[in-house]
Amino acid sequence: MAEFRPGDAEQTAFLEQLLDARLLIDSGVPGVYGRGEDFERVRWAFDGKVSEAAAVDEPERLAFPPVLPKRRIEEIGYLKSFPHLAGTIFCFEGDEEQATEQEGKAERHEDWSEYQSQTELCLTPAACYPVYPAIAARGKLAAGGVMVDAGGSYVFRHEPSGDPARLQIFHQREIVRIGEPDTVAEWRDAWRDRSVELLRSVGLDANFDVANDPFFGRTGRLLARSQRAQALKFEILVQIAGPEPTAVASFNYHQDHFTSVYGIEMDAEETTAHTACLGFGLERITLALLHEHGLELDAWPAPVRTELGLG
Ligand code: ZN
């Protein structure tokens, strides 16, 4: 169950400061906020830093909407690992009488879900998911594989929380590498150092650690243990508000999971294709910067402002 997790005292206070400073705009639902101009300036500035750092590899830039055919999360097994985080889109498909009943219930803020039917869409839970079938559709991959910059698409995770760093909907800036296992591993190691440097260059005390995903249930605990044991997930952690540092970027090495689901193959025989992705949580990085340097951008240290091109 995705129950509301209240923030601790420090997180609650930080959220209040962000709302008071109009950096975030309350929607009435925890983890869903509008953003003020300064917040967006910082988010875009860091997004630009990622583009700059990625440019040396000349990735192909693809963009996808924040909704995904539900078939996608069915075929990759998302509902087995994260049934508690998925957001599904439902729409009205009834007659006029039912529309009137629905409206009546909605006006009284009662439950009107009985009039809603599941559509073929869900909310995108990870920005890299649409990339794999798109690449698979092109046929076999030439030596060296492909690198895709999937941009900074909105992703949804149903985990309402009072911690401003745990949003339900946020921008995940993803870069995806598909190729021979060695190529993918080298890419990941290079980006691990590059990402830490990138975050440190804007004054964040970023550190790197082995991690696991928040898999669901009892089987999930086994999955999490095996993911850690094989070091398939790394995170870059930065202290925001709260007792523990927060992950602001993560690397996932999926081995042949996506390539076997979508039949992605290397052109050379006997060579398997693997995938890995790197995701920057742009809102978390923005929050980390605001937490570290203060809520007034004009008062930020000059080298940080210069690095981010904030003038
Ligand atoms: Zn990913």
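So, the sheet: seven strands make an open sheet, and the order runs β3-β7-β8-β12-β11-β10-β9, with mixed pairing. At the edges sit β3 (60-61) and β9 (207-210), each of which pairs on one side only. When I say two strands pair, I mean that DSSP finds at least two bridges between them. Strands are DSSP runs of E with at least two residues, helices are runs of H or I with at least four, and both are numbered from the N terminus.

Before I go on, a caveat: this is a predicted model, where local features need pLDDT of at least 70 and side-chain atom pairs count only at pLDDT 80 or more, while totals for chains, interfaces and linings use all residues. Residues are numbered from 1 along each chain as its sequence is written, and side-chain values use heavy atoms, with hydrogens and water left out.

Okay, back to the sheet, strand by strand. β7 (residues 146-156) runs antiparallel to β8, and nine bridges join them. Gln-255 is the one facing Thr-275 in β12.

How covered is β8? Strand β8 (residues 169-179) is mostly covered, with ten of its eleven residues buried. Buried here means under 20% relative accessible area, exposed means over 50%, and partly exposed is in between, with a 1.4 Å probe and protein chains only.

Now a helix residue. Leu-198 sits in helix α7 (residues 181-200), and it's buried, because its relative accessible area is 10%. What does Leu-198 touch, leaving out residues up to four places away in sequence? Leu-198 touches Phe-46, Lys-49, Val-50, Ala-53 and Phe-280. A contact, by the way, is heavy atoms within 4.5 Å. Now take Leu-198 and Asp-213: they're 15 residues apart in sequence, and C-alpha to C-alpha they're 23 Å apart in space.

Two loop residues next, and a bit of background. Most residues other than glycine have a negative phi. Arg-22 is in the loop between α1 (9-20) and β1 (24-26), and it counts as exposed because its relative accessible area is 68%. Glu-270 isn't a glycine either, and its phi is positive at about 65°. You'll find Glu-270 in the loop between α9 (257-262) and β12. Buried or exposed, then, for Glu-270? It's exposed, with a relative accessible area of 84%.

Zooming out, the protein has eleven helices and twelve strands. Its C-alpha trace spans about 60 × 50 × 35 Å along the principal axes. With 311 residues, a compact globule would have a radius of gyration near 19 Å, and the protein has 21 Å, which agrees; that's over C-alpha atoms, and the globule rule is 2.2 Å times the number of residues to the power 0.38. Of those 311 residues, 47% count as buried. And of the contacts between residues at least 6 apart in sequence, 71% join residues at least 24 apart.
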